[in-house]
Amino acid sequence: MAYDVVVAGGGPVGLFLACELRLGGASVLVVERLAKVDETIKAGGINTAGAVSLYRRGLLPDLAAAWERNRWRMRAFLGDREGPQGADAPRTPPKFAGHFAGIMMRGDLFDDSDPAFADIGPADGVGLGVPQVELERILGARAERLGVEVRRGVELTGFDAGDEGVAVRLGSGEDVRAGWLVGCDGGRSTVRKLAGFDFPGTEPEITGYQAVVEMSGGERLGTGWNTTDVGTYVNGPFPGRILTVEFDGPPADLPHARLRSRGGTSIAHVTAGELQAALRRVSGVAEVTIHEVHSSTRFTDNARQASGYRKGRVLLAGDAAHVHSPFGGQGLSLGLGDAMNLGWKLAAVVRGTAPGSLLDSYTAERHPIGAWVLDWTRAQIAVMRPDRHARALRRVVTDLALTATGTTYLVKQISGVWQHYDLPGDHPLTGRSAPDLELSDGTRLGDRLHDGRAVLLDLADDPKLRARAEGYGDRVDVVTAVCPGRPGLTGLLVRPDGFVAWAADGSDQGDDLDAVLTRWFVAA
């Protein structure tokens with residue numbers, strides 16, 4: 001059988017990419033080695049940038065419902081140390097939740113009047129506390145609705161890539177022809193290794209465990225994040241969830257360990273004895289006993305990134321392109337951003353409405369974001385080390401974090417609202433995630449992006465502006481509206497991924513719009 005694209009890996013990133021490709025008119029096959037959704041404990045939520053991506057595809061109700069099911073987790077995230085359950089669990093998503101190296105931020109110090117948080121829209125905070133398994137189910141259901149073919153229990157074992165396409169070999173014994181292959185198959189990516197992508201980075205120095213367990217003696221443990229002379233441990237934010245970090249070098253895969261994760265940091269299923277020993281060492285509480293393990297992973301801080309995300313007709317996204325420690329909760333949102341950026345571009349190339357060179361912008365735009373995330377996690381490792389120099393640094397960082405300026409800075413970084421692409425144009429909105437403008441007809445800009453097409457927003461009822469978009473009808477939707485909240489903004493071209501490609505104020509609509517339209521939406 002032949003497909004436009006084969007996606008290796010059916011986790012959230014692979015599924016979201018497949019949905020984006022299908023939305024753009026490409027035929028897609030997703031192959032996933034696991035027979036069912038992996039319920040191993042992993043990411044506990046997505047940041048604002050990740051939630052906005054889902055909102056722009058009409059998935060906000062699904063995300064909000066998942067948040068509601070898990071809202072009791074948020075009490076600990078927000079600093080409530082009385083326990084994770086009860087009628088007083090938050091009823092609406094918080095403006096933020098998070099930490100830097102286990103240094104928790106205070107909501108009363110967060111300045112939400114900062115311009116970076118303007119016009120985010122209703123997705124703000126909704127992804128916090130939504131676990132990865134819930135997100136995978138949401139995206140799996142969307143893939144089914146869009147007609148994406150997903151084969152579970154089928155592993156990619158090899159491929160041959162040429163100038164005209166890719167022959168993919170599956171563990172089922174079947175060979176599949178495709179125009180393109182995208183590896184979304186995690187930190188140990190088979191696609192990345194077989195294609196020969198460079199994967200430079202820094203060596204790991206920690207062994208970490210994360211698990212959901214039944215234990216006794218837990219009342220002797222501190223709640224939340226705790227720093228000790230040995231390392232760091234976490235108790236919460238819901239009963240039985242523990243995490244430990246020791247700076248004793250990276251873990252080694254044990255003979256009895258069974259691989260469980262697609263990600264680059266989660267390495268193996270672990271035993272109750274291993275978890276108990278680690279928790280006792282780090283916490284110093286000898287009385288804590290782990291009786292049963294419901295879910296567990298071992299991880300490290302291996303931080304690596306592919307030098308480029310494309311080799312011919314083979315591309316990488318998510319953990320296949322970059323791995324790092326889980327601290328700060330950036331990885332899942334980073335992968336969703338990769339998928340959102342790549343999906344519409346690859347679909348356009350498949351349809352023949354864009355040249356293959358358009359895909360060069362994928363690495364150019366996403367690689368710097370990935371590099372920043374790797375450095376963000378490395379910085380946290382430096383602050384978490386148990387040596388005297390690092391502890392002195394931690395005290396300084398804590399003092400800075402517990403100021404309004406410091407808290408707001410950290411929230412901006414963690415939320416992803418700072419992210420932008422280096423696109424041509426002088427307008428301050430160009431290259432940034434589009435503001436979710438409220439329009440006079442009661443809709444928002446995000447509502448206009450559900451179909452995965454670009455939007456040219458005419459806010460001045462200018463027939464000349466609309467005429468410049470003629471001929472792009474199947475790729476660019478033209479919307480004439482009024483935006484009372486931005487009276488000076490007269491025009492906005494938003495790419496399918498929600499980033500601003502062009503903007504204008506006042507009567508000057510700029511001569512560069514034609515060039516911008518040609519760059520993104522016309523085949524060479």
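Tutor: A cavity is a set of points, on a 1 Å grid over the protein atoms alone, where a 1.4 Å probe fits but cannot get out; lining residues have an atom within 4 Å of a point. The model is predicted: local features need pLDDT of at least 70, side-chain atom pairs count only at pLDDT 80 or more, and totals for chains, interfaces and linings use all residues. Residues are numbered from 1 along each chain as its sequence is written, and side-chain values use heavy atoms, without hydrogens and water.

Student: How many cavities of 30 Å³ or more are there?

Tutor: Grid points are joined across faces, edges and corners, and a volume is the space filled by probe spheres set on the points. Under this rule, the number of cavities of 30 Å³ or more is 2.

Student: What is the volume of the second largest cavity?

Tutor: The lining of this second largest cavity includes V52, Y55, R56, I120 and D436. By class (nonpolar: Ala, Val, Leu, Ile, Met, Phe, Trp, Tyr, Cys and Pro; charged: Asp, Glu, Lys and Arg; polar: the others, Gly among them), the lining has 7 nonpolar, 1 polar and 2 charged residues. The volume of the second largest cavity is about 40 Å³.

Student: Which helices each supply at least two residues of the lining of the second largest pocket?

Tutor: A pocket is an open set with protein on both sides within 12 Å along at least five of seven lines. The second largest pocket has a volume of about 600 Å³, and its 33 lining residues divide into 16 nonpolar, 11 polar and 6 charged. Helices (H or I, at least four residues) and strands (E, at least two) are DSSP runs, numbered from the N terminus. The helices that each supply at least two lining residues are α2 (48-55), α8 (331-351) and α9 (360-384).

Student: At roughly what angle do the axes of α9 and α10 cross?

Tutor: The contact, meaning heavy atoms within 4.5 Å, is made by A382, V383 and M384 of α9 and A390, R391, L393, R394 and V397 of α10 (388-401). Its residues are 6 nonpolar, no polar and 2 charged. Axes are lines fitted to C-alpha atoms, for helices over the stretch in contact, with angles from 0 to 180 degrees between N-to-C directions. The two axes come within 7 Å and cross at roughly 115°.

Student: Which word describes how α9 lies relative to α10?

Tutor: Angles under 35 degrees count as roughly parallel, over 145 as roughly antiparallel, 65 to 115 as roughly perpendicular and the rest as oblique. The crossing is at roughly 115°, so α9 is to α10 roughly perpendicular.

Student: What separation have the C-alpha atoms of G452 and V397?

Tutor: G452 is in the loop between α11 (404-415) and β19 (454-458). Leaving out residues up to four places away in sequence, G452 touches L23, R57 and P496. G452 and V397 are 55 residues apart along the chain, and their C-alpha atoms are separated by 41 Å.

Student: Which residues does a cis peptide bond join?

Tutor: Most peptide bonds are trans. In the loop between β12 (231-235) and β13 (241-246) lies P237. With omega of about 10°, a cis peptide bond joins G236 and P237.
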